Amino acid sequence: MNLQAQQLISLNDLLRQLRETNPFFSKKLKESGVTEDIKSLEGFTEKFPLLKKQDLVDDQKVNPPYGTNLTYPISAYTRFSQTSATSGAKPVVWLDTDKSWAWMVENWVKVYQCAGVSKDDRIFCAFSFGPFLGFWTAYEAAHELGSLVIPGGNMDTLTRIEMVRRHKVSVLCCTPTYAIRFFEIAREQSIGPRQLHLEKVLVAGEPGGSSFAFRKYFAEVAPGIDLIDHYGMTEVGPVAVRDPEYQDTLQIFDHRYLAELIDPETKALIAVSDEAVEGELVLTPLGRSATPVLRYCTGDLVRMKKTKGRTLLEGGIIGRMDDMVIVRGVNIYPTAIDGVLREFPQLKEYRVTLDKTASLPELLLEVELDGQRNEDIAKKMQERFHQVFALRIPVETVPEESLPRFEMKAKRWIIKE
């Protein structure tokens with residue numbers, strides 16, 4: 001049985017459940033005319049409308065606190081999650097049953113396996129445990145794999161470094177931003193990667209973990225450590241992991257997700273072949289029936305292609321569409337700014353201010369540089385930004401350790417309105 005046939009069977013199984021007992025989607029399925037088993041995936045994408053996060057926010061506002069997107073009685077739900085709301089939208093509460101939670105944990109086990117992690121590895125989770133789904137599924141999947149997993153919540157970085165070293169941890173899980181911070185602090189303490197016994201770092205939670213610029217920068221900070229990017233969302237679960245053949249590419253778990261690509265402006269479906277094309281990623285999880293989403297607009301910009309029977313995202317997640325800013329007619333994503341800055345090994349940390357109070361929006365960058373306030377490097381950064389964006393973006397140096405550090409998703413952008 002080929003992949004599309006398997007996806008079609010899983011999708012029809014899901015739709016049957018939703019028609020019967022899910023108030024939110026039974027109405028949408030009826031309105032779209034999807035009232036019986038679909039004959040093809042194309043038939044589904046032609047009939048069923050796209051789902052946006054705001055649709056879920058509005059549903060929970062009208063039907064607090066959990067909305068109507070519940071397939072089972074509330075007593076069946078045992079897990080609570082919440083979106084991070086980094087794009088400014090109101091957080092969406094997510095409930096899961098044991099079965100739907102187990103489906104996501106299985107996906108995370110697949111992430112570990114694709115990364116070459118086994119029960120013989122020791123895994124350190126360098127994050128505080130809040131209502132964000134990814135942390136909990138990563139932690140429980142490590143147990144499911146049979147690995148020794150160490151929680152690193154409520155610790156400063158020095159304590160975490162010592163824990164990793166003392167217990168000979170081989171796998172670190174964290175955000176891309178924190179991965180850099182972790183190894184920089186270790187280096188300041190004269191602790192190298194070999195002394196830490198680390199072999200792999202699994203990153204997620206931010207765009208950029210698959211970009212060439214970030215991987216090159218990471219290789220200089222943590223030589224010899226294998227960096228592995230992973231992608232997921234609270235709304236859909238763990239979706240993709242670094243492809244084994246292409247270091248800067250994510251491979252979607254096609255047997256568990258229906259992935260589409262749409263034009264960010266028109267929302268029209270984009271055909272995908274073996275040549276990568278850019279657009280917004282749309283996902284349908286095929287096994288999370290408790291709190292499902294169908295044709296969900298992720299808001300993530302990707303370059304998608306189909307090759308060797310799998311769906312790949314070149315460069316991982318390019319950026320969040322909500323994060324794009326327009327400066328003097330130029331569209332700029334935070335990941336593009338980050339990519340330029342990562343070309344300079346002297347960079348320690350940075351902050352971007354977008355000033356919208358002037359007649360034309362302006363960008364200003366503040367950078368911490370390694371060892372000194374080097375105006376020559378700042379000038380070279382300005383020149384590089386002009387080459388990339390055809391814009392003059394001022395770059396100012398600031399004293400070391402004067403900018404904030406981040407354990408979770410970095411908040412390096414300040415908007416003045």
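# Briefing: salt bridges, sheets and loops

Lys200 and Asp226 form a salt bridge through their side chains, with N and O 3.9 Å apart. Lys200 belongs to strand β6 and Asp226 to strand β7 (residues 226–233), so this contact ties together parts that are 26 residues apart in sequence. The model is predicted. A search of the whole structure finds 30 salt bridges.

- Lys200 sits in strand β6, which covers residues 200–203.
- With a relative accessible area of 15%, Lys200 is buried, because the cut-off for buried is under 20%.
- Lys200 also has a polar contact: a polar atom of its side chain lies 3.2 Å from the backbone oxygen of Ala115.
- Asp226 has a relative accessible area of 24% and is partly exposed.
- Asp226 takes part in a salt bridge with Arg242 as well, at 2.7 Å from N to O.
- Arg242 is in strand β8 (residues 237–242) and Asp226 in strand β7, so this pair ties together parts that are 16 residues apart in sequence.
- Arg242 is buried, at 13% relative accessibility.

**Other salt bridges**

- Glu245 and Lys308 form a salt bridge in which the closest N and O atoms are 2.8 Å apart.
- This pair links distant parts of the chain, 63 residues apart: Glu245 is in the loop between β8 and β9, and Lys308 is in the loop between β12 and β13.
- Glu245 is partly exposed, with a relative accessible area of 43%, whereas Lys308 is exposed at 55%.
- One network, joined by salt bridges that share partners, contains Arg181, Glu188, Lys348, Glu368, Glu400, Glu401 and Arg405.

**The sheet of 11 strands**

- An open sheet of 11 strands with mixed pairing runs in the order β4-β3-β5-β6-β7-β8-β9-β13-β12-β11-β10.
- Its edge strands, β4 and β10 (257–262), each pair on one side only.
- From one strand to the next, the twist averages 35°.
- Strands of a sheet pair through backbone hydrogen bonds, in either a parallel or an antiparallel sense.
- β9 (residues 249–252) pairs with β13 in the antiparallel sense over 3 bridges.
- Within β13, Leu312 stands opposite Gln251, and Glu314 is the bridge partner of Thr249.
- Of the 11 residues of β13, 9 are buried, so the strand is largely enclosed by the rest of the structure.

- β12 and β13 run antiparallel and are joined by 8 bridges.
- Thr307 has Arg310 in β13 as its bridge partner.
- The two strands form a hairpin with 2 residues between them, and Lys308 is in the turn.
- Lys308 lies between β12 (296–307) and β13 (310–320).
- Phi of Lys308 is positive, at about 50°, although the residue is not a glycine.
- Most residues other than glycine have a negative phi.

**The sheet of 4 strands**

- A further open sheet has 4 strands in the order β18-β17-β16-β19, also with mixed pairing.
- β18 (395–397) and β19 (413–416) are at the edges; each has a single partner strand, so one side of each is left without a neighbour in the sheet.
- The twist from one strand to the next averages 20°.
- β16 (residues 347–355) and β19 pair in the parallel sense over 4 bridges.
- Thr353 stands opposite Ile414 in β19.

**Loops and surface**

- Pro64 and Pro65 are joined by a cis peptide bond, with omega near -5°.
- Most peptide bonds are trans.
- Pro65 is in the loop between α4 and β1.
- Tyr66 lies in the loop between α4 (53–62) and β1 (77–82).
- Tyr66 is partly exposed, at 32% relative accessibility.
- Together with Ile74 and Phe80, Tyr66 makes a nonpolar surface patch of about 280 Å².
- Asn154 has a positive phi, near 55°, and is not a glycine.
- Asn154 lies in the loop between β4 (148–151) and α7 (157–166) and is exposed, at 79% relative accessibility.

How values were computed: Residues are numbered from 1 along each chain as its sequence is written. This is a predicted model: local features need pLDDT of at least 70, side-chain atom pairs count only at pLDDT 80 or more; totals for chains, interfaces and linings use all residues. Side-chain values use heavy atoms; hydrogens and water are left out. Patches are made of residues with over 30% relative accessible area and no salt bridge: like charges are joined within 9 Å, nonpolar side chains (Val, Leu, Ile, Met, Phe, Trp, Tyr) within 5 Å. Accessible areas come from the Shrake-Rupley method with a 1.4 Å probe; for residues, only the protein chains shown count as cover. A salt bridge is a side-chain nitrogen of Lys or Arg within 4 Å of a carboxyl oxygen of Asp or Glu. Buried means under 20% relative accessible area, exposed over 50%, partly exposed in between (1.4 Å probe, protein chains only). Two strands pair if DSSP finds at least two bridges between them. Axes are lines fitted to C-alpha atoms, for helices over the stretch in contact, and angles run from 0 to 180 degrees between N-to-C directions. A polar contact is a pair of N or O atoms within 3.5 Å; within protein, one must be able to donate a hydrogen and the other to accept it, and residues adjacent in sequence count only if both atoms are side-chain atoms.
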